[in-house]
Structure formats: structure tokens, C-alpha cells
Amino acid sequence: MVVDYHTHNFLCKHADGEIEEYILRAIDRGLNEIGCSDHSPMPNNFDAQHRMTEEQFYSFYKPAVLELRQKYKGRISVKFALEGDFFPGTEEWVKNFNAQHSFDYVIGSVHYLGEWGFDNPIFVHKYEERDIDETYELYYDHIRRSAQSRLFDILGHCDLVKKFGHRPTRTMEEVLHESFKAVKAADMAVEINTAGLRKPVKEIYPSEQILQIIREYNIPLTLGSDAHTPGDVGRDFDLARQLVEKYGSGKISVFTNRERSEIRIS
Ligand SMILES: [Zn+2]
Ligand SMILES: [Zn+2]
């Protein structure tokens, strides 16, 4: 059994393709489950240039995913999900929003440090304006807090801060342990996200150094391509599979109605 739990679509305005095209590609690739997990709207439609609006969630995203889930029943299991943002100050809003819908799971991702969308190529120059070690520490501090918020089921691309190839000069061992202890306590799964291979860093999220810590704490894994175009669904999953064997005893987590269970990857 294989799943791709991290896919986007045109609604977030920085991905292309209809939801159905992602599903059809997943069927082509022989996947058993596909998660529709586009970027969640944010309160007051914050960063609406890179997110669906709340209005679009209600009028299009939710009904479309639920309808496609029915349409493809028996061919592939379509999961109704979101990639949410951990953004301090929005926790109550996210909690209420997520409680109102019957998501199969919600991915929790850190994409902002303050107002800085640090994974957005248009703001990459800001890495040079800050101390890189402080940027990394702040990022992992947000990862820890995202787990402690108990808002999310899956930790998204958990070393995204490396996306453009910037590396810390100090060891991050201590903050990493604090973060992943919190992830374990929250019973979250961590996704192996293959999108990093397609970015300047050219490395899967997370690194093997982090996967070793994840194994040490016995944190469950799951899989996502983070496809922003239908052709990327299930991309580089051979490598992801090897990592699941090595760091997750060959098992991945799957979700229904926000309940986690484990299956053997094949
Ligand atoms: Zn995106
Ligand atoms: Zn993301």
C-alpha cells in the first residue's frame, strides 16, 4: 500500500491543475490513497495571494473533494485534508475552523517566521539579512510549538528552512531533540516529503540526520510529494520508500476522520 498525502491544486494560486487531475495521476501511479491537502485559508484571508480564500473553501474546495471522493470510490481512496499553517496568534481560529469540517487529517506546516514567508522565492534575499543560526533556531522553535498546539496530525516538510540551501553554522542537535520530543508527545506523524529534491537544496525533507532522531523517538512516518503540478504526484517515491524501510520499520501512517493507523508500505 502506498499513499501520497500532500498535494495542491490551482486554488492556492501557486500550483496548477484541477483536483481531479491529481487524482487521475495518482491512479496512474498505482497509489492506494491520495490526500487532497491544499493550503488552508487563513484568518482574515492573510496571504490570499498564496492561499485559497475562505469563500473558495466553502463554495468550491470542500464540495469538490467530497464529490470526487464518491466518484472515485473503489478505484482510489481520496482523502479530504488541508495543509494548515502554524502561525502564532491564529491557533484559536485554526482550531475552530478545523473542528467545523470532517477532515481526514490536517498537515501542520511552518511557512512563516513572523510575517516572513521564508520559503517563498520572492523573499529569499531575507536569509542574508539575518543570522542563519537564529533563523534555524526560530524555525525549530516554531516546529516545537506547532506540535504543542495539538492542532495538526502530520508535521509537514519539517526542515523546510533548508529549501534554498542555507545551512546553519552551529549544531542544531538540542533544538531538534526538543522539537521531536514534542512531536512524539502529540502523536503526530512526520511526512517524508519529496519536494525538496526539486528545490535548490536538492534534498528530501527531512534529512537523514533528522530521520535518525525521528527513529530514536519512534515517531511514525507518512508520505507526500507536495505536488504543485499533477505530474509530481508520487514523484521520487522509490527513495521515500527506502527511507520508510530504514527509519520507519517499513510502516506508514494513514488517516481517516483524524484517526491514525499504521500500514505496511509496499
Ligand atoms: Zn504551496
Ligand atoms: Zn508547505
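Let me start with helix H5, residues 173-185, and helix H6, residues 208-216, which in this predicted model pack at an angle of about 45°, with their axes 10 Å apart. That angle makes H5 oblique to H6, and the crossing of the two helices is right-handed. If you want to find the contact in the structure, look for Leu176, His177 and Phe180 on H5, and for Ile210, Ile213 and Ile214 on H6. Sorted by class, the contact of H5 with H6 has 5 nonpolar residues, 1 polar residue and no charged ones.

For those who are new to this kind of description, two packed helices are described by the angle between their axes and the distance between the axes. With that in mind, please turn to another pair, helix H1, residues 19-28, and helix H2, residues 54-71, whose axes come within 10 Å and cross at roughly 30°. Angles under 35 degrees count as roughly parallel, and H1 and H2 are therefore described as roughly parallel to each other. Their crossing is right-handed, and the contact is made by Ile19, Glu20 and Ile23 of H1 together with Ala64, Val65 and Leu68 of H2. Here the residues of the contact divide into 5 nonpolar, no polar and 1 charged.

Now let me step back to the whole chain, which has 7 helices and 11 strands. Its C-alpha atoms fill a box of roughly 50 × 40 × 30 Å, taken along the principal axes. A compact globule of 266 residues would have a radius of gyration near 18 Å, and the protein chain has 17 Å, which agrees. Buried residues make up 45% of the 266 residues, and, among contacts between residues at least 6 apart in sequence, 77% join residues at least 24 apart.

Leaving aside neighbours within four places in sequence, asparagine 193 is in contact with His6, Gly156, His157, Tyr205, Gly224 and Asp226. Of these, tyrosine 205 is 12 residues away along the chain, and the two C-alpha atoms are separated by 5.1 Å.

Lysine 251, in strand S10, is by contrast partly exposed, with 15 other C-beta atoms within 10 Å. With neighbours within four places in sequence again left aside, lysine 251 is in contact with Glu262, Ile263, Arg264 and Ile265. The C-alpha atoms of lysine 251 and proline 220, which are 31 residues apart along the chain, are separated by 7.7 Å.

Finally, some words about the backbone, where most residues other than glycine have a negative phi, and most peptide bonds are trans. Proline 206 is found in the loop between S8 and H6.

Which value of phi does aspartate 47 have? Aspartate 47 has a positive phi of about 50°, although it is not a glycine, and it lies in the loop between strand S2 and H2. Serine 249, in the loop between helix H7 and S10, has a positive phi near 50° as well. Aspartate 47 is partly exposed, with 17 C-beta neighbours inside 10 Å, and serine 249 is partly exposed with 14 other C-beta atoms within 10 Å.

Terms used
Residues numbered from 1 in each chain as written. Chains lettered and ligands numbered in written order. Predicted model: local features only at pLDDT ≥ 70, side-chain atom pairs only at ≥ 80, totals over all residues. Helix = DSSP H or I, 4+ residues; strand = E, 2+ residues; numbered from the N terminus. Rg over C-alpha atoms; globule rule 2.2 N^0.38 Å. Buried ≥ 20, exposed ≤ 12 C-beta atoms within 10 Å, placed from the backbone. Contact = placed C-beta atoms within 7 Å. Axes fitted to C-alpha atoms, helices over the stretch in contact; angles between N-to-C directions. Parallel < 35°, antiparallel > 145°, perpendicular 65-115°, else oblique. Left-handed = near helix turned anticlockwise from the far one by under 90°. Nonpolar A, V, L, I, M, F, W, Y, C, P; charged D, E, K, R; others polar.
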